Structures are given as structure tokens and as C-alpha cells.
Amino acid sequence: MSRVFHLDPPGRARRAEPAERVAEAPTAEKAGIVAGYLAPHPPHLIYADNPPQNEPRSTGGWDLLRWAYQEVRRRVRALAPDVLLVHAPHWITMVGHHVNCVPNPKGVSVEPIFPHLFRYHYDFRTDVALAEELVARCEANGLVSRGMREPGVRVDYATIGALHMVNPAWDIPVVSISANNNPYFYADAELDEMEVLGRATREAIERTGRRAVLLASNTLSHLHFDREAELPEDMSAERPFNNDQYRADMKLLDIVRNQPTSALRTAIPEHIAATEAETKSGSLNWLLASMDWPATSGEVLGYGTIIGTGNAVIEWRPGRG
Ligand SMILES: [Fe+2]
């Protein structure tokens, strides 16, 4: 059948034997980090999505960001990863980097400021072998770290939010990593440590032979309104908190789109200083460090504000210029 669609080039009449074809398997099947996404988690996106796992109901809203996530879902499905690794700013651990090693986290995640929008029933699988290997690689690289093995600990909404938006079917195993800082108190003091956490992550993925997709669960500019519209999804009330915040986000995204990731080493801290960006929790630096700061630009799949904060959905693919 394939002869109909694929002609052998002149002088190469011999057809590959099956074993040779396996050896030439597409590179997309190789292990390693196959993609990384900036995957913001505001509860409004899940609320607007109306999944059966979330108790509140909405009439929609924030559609452009949700369309961006629909594209991420399509791409992740095509990549067929073994595991999703997520670093999230609202699982705060003041001592050390923690990795969720519970085989089957199950419970209800509630957003404490917006409980009327986000009460999400989760039930997912952890890639325990990779999670335990990550703890070991953190220790081998000199990081204070711990495996979290208490099944009753509630999973934070930033972890659940990013994972739901990327894979609402929850049919891909997960490794969830804490933020070893407090983004509400510190600025960018912990970003350097993300270099080490990233190296440990890359080593753990390589040692376990996984095909991995990484998710950095961060909003960009983070100043927001403190009054909600009567209908939370009233899009006539949605706009940037102020023009300075918007311009700072656009400056960062221009660098993301047009320069290799190395340019973000200085651009991210500058953006944090200008906008209180949630990236100060380290998730984005962890993602880029895990990918060893690839010499490629990112693809901005969508941008939109949520209660005034700036949110971008971005893909980085190693090896793409
Ligand atoms: Fe957040």
C-alpha cells in the first residue's frame, strides 16, 4: 500500500526491512523533554470551561485564552508524552523542593479567594518512579528536597488548574513540584536555584527514559482588581490592570517571540520587577533551565487578562529555531 504514496528515489530501489524502519523511528518518539508550556492557572479559566469536575457553573468567558489552551491540548495529544511535570507557585514549601510522590492524589481543590469559582474534584495518577528519581536527583545536586507521600494532602489549585487546562482527560501521569519560596514575600531571590532544580529535572527524565512535557503554572503581570463584577465572567469588565503592566507584558512577549531563550535570563527578572509577575515563584525559570535554555524562540499561542492580570500561553519546543 505504501508504494502507492511513497516512491523509492532513483538508485535506491531496496526497501527497508522492518527492523531498519524501527531504527528510523521518528525523532518525535525519542525520550526527553519534548515541549514546555507557560500554562497560567487562574481559576476563572476552569470556571469558564465548565468541566464536570468543577462544582460552579458559568456562561463562559476568557475565550481567547481557552482557545489557546485548546491548541495546547491538540499539540500535547500529538506529542503523546509519558508524563506531564508541573511546577506551581501555590504549593509553597518554605524548606526545600517537594515532589508529590502519592500514587493517586484524589480530593477537592478549592481556590481560597475564589471558592465560588473553583471547587474542583481531582483524581489523577502520579508517575511515582520519575517523582522518586527527581527527589534523588535534587539531593544529588545539593538541593534540600523531599518526597511528599501523605495521600491526604490537598493538591493546590495552581497545579490542578494548569493540568486541567492542558489535559482535562487526566489520562497522562503527572509529576508535581512545589515552589520552594513564598512569591508573595520574595522577589526573584530564588531564581538561581531553579537552574539546579532544572538540571535535576532533566537528569531524572533522562534516567527514567520518559517523554516529558513541562508546565510552568504562572501568570505574567500580577496586579489585579479587588472588585468582581456581579457576573464574574462579564467580559465588559475585563481589561489590563493598567497600561504599564500591559506594556511590560508585551515587552517580555516580544523577546519570547523573537529571541532565543537566553535573552530571558535578564528579561524575566526585569519583568518581575516591573509587574510583580508570578514568575518570581520560579516556575518559568525551572522550565527553561530544565530544557537547558534552548536556542529557540517561543510561540505565544494566546494572551489575555484575568481580573486585570496578564496571562500568556506559550510553547517552547527544543530544537526549533
Ligand atoms: Fe496564582
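This is a predicted model: local features need pLDDT of at least 70, side-chain atom pairs count only at pLDDT 80 or more; totals for chains, interfaces and linings use all residues.
At what angle do helix α5 (residues 128-140) and α7 pack, and how far apart are their axes?

**Figure 1. Packing of helix α5 with helix α7.** Helix α5 (residues 128-140) and α7 pack at an angle of about 135°, and their axes lie 8 Å apart. That angle makes α5 oblique to α7. The crossing of the pair α5 and α7 is right-handed. On the α5 side, the contact is formed by Ala129, Leu130, Glu133, Leu134, Arg137 and Cys138; these meet Leu197, Ala200, Thr201, Glu203, Ala204, Arg207 and Thr208 in α7. By residue class, the contact of α5 with α7 comprises seven nonpolar, two polar and four charged residues.

**Figure 2. Val196 in helix α7.** Val196 belongs to helix α7. With 17 C-beta neighbours inside 10 Å, Val196 counts as partly exposed. When residues up to four places away in sequence are not counted, Val196 touches Asn141, Gly142 and Leu143. The C-alpha atoms of Val196 and Ala289 are separated by 7.9 Å, although these residues are 93 residues apart along the chain. Ala289 is itself one of the buried residues of α10, the helix shown in the next view.

**Figure 3. The enclosed helix α10.** Eight of the eight residues of helix α10 (residues 283-290) are buried, so this helix is largely enclosed by the rest of the structure. The buried residues are Ser283, Leu284, Asn285, Trp286, Leu287, Leu288, Ala289 and Ser290. Which elements surround them? The buried residues of α10 pack against the strands β1 (32-38), β2 (83-92), β7 (174-179) and β8 (211-216), and against the helices α7 (191-208) and α9 (264-275). Just after α10, Asp292 adopts a positive phi of about 60°.

**Figure 4. Packing of helix α8 with helix α9.** Helix α8 (residues 243-258) and α9 pack at an angle of about 170°, with a distance of 10 Å between their axes. The helices α8 and α9 are therefore roughly antiparallel to each other. The contact of α8 with α9 divides into seven nonpolar residues, three polar and one charged.

**Figure 5. The largest nonpolar core and Val166.** The largest nonpolar core contains 81 residues, and Val166, Leu215 and Val313 have the most contacts inside it. Helix α6 (residues 157-166) supplies the largest share of this core, seven residues. Leaving aside neighbours within four places in sequence, Val166 is in contact with Tyr37, Ala39, Tyr69, Val72, Arg73, Val76, Leu84 and Leu215. For the chain as a whole, 46% of the 321 residues count as buried. Of the contacts in the chain with a separation of 6 or more, 82% are between residues 24 or more positions apart.

**Figure 6. Ala312 in strand β10.** Ala312 is found in strand β10 (residues 309-316). Is Ala312 buried or exposed? Ala312 counts as buried, with 24 C-beta neighbours inside 10 Å, where the cut-off for a buried residue is 20 or more. Apart from neighbours within four places in sequence, the residues in contact with Ala312 are Leu38, Leu220, Leu253, Val300 and Tyr303. Ala312 and Ser221 are 91 residues apart along the chain, and their C-alpha atoms are separated by 9.8 Å.

**Figure 7. Two tryptophans with positive phi.** Most residues other than glycine have a negative phi. Trp62, a residue other than glycine, has a positive phi near 50°. Trp62 is placed in the loop between α3 (43-49) and α4 (63-79). Trp62 is buried, with 23 other C-beta atoms within 10 Å. Trp170, likewise not a glycine, has a positive phi of about 55°. The loop between α6 and β7 holds Trp170. With 16 C-beta neighbours inside 10 Å, Trp170 counts as partly exposed.

Technical notes
Residues are numbered from 1 along each chain as its sequence is written. A residue is buried if 20 or more other C-beta atoms lie within 10 Å of its own, exposed if 12 or fewer, and partly exposed in between; C-beta atoms are placed from the backbone. Helices (H or I, at least four residues) and strands (E, at least two) are DSSP runs, numbered from the N terminus. Two residues are in contact if their C-beta atoms, placed from the backbone, lie within 7 Å. A nonpolar core is a set of buried Ala, Val, Leu, Ile, Met, Phe, Trp, Tyr and Cys residues joined through C-beta atoms within 7 Å. Axes are lines fitted to C-alpha atoms, for helices over the stretch in contact, and angles run from 0 to 180 degrees between N-to-C directions. Angles under 35 degrees count as roughly parallel, over 145 as roughly antiparallel, 65 to 115 as roughly perpendicular and the rest as oblique. A crossing is left-handed if the near helix is turned anticlockwise from the far one by less than a right angle, and right-handed if clockwise. Ala, Val, Leu, Ile, Met, Phe, Trp, Tyr, Cys and Pro count as nonpolar, Asp, Glu, Lys and Arg as charged, and the others, Gly among them, as polar.
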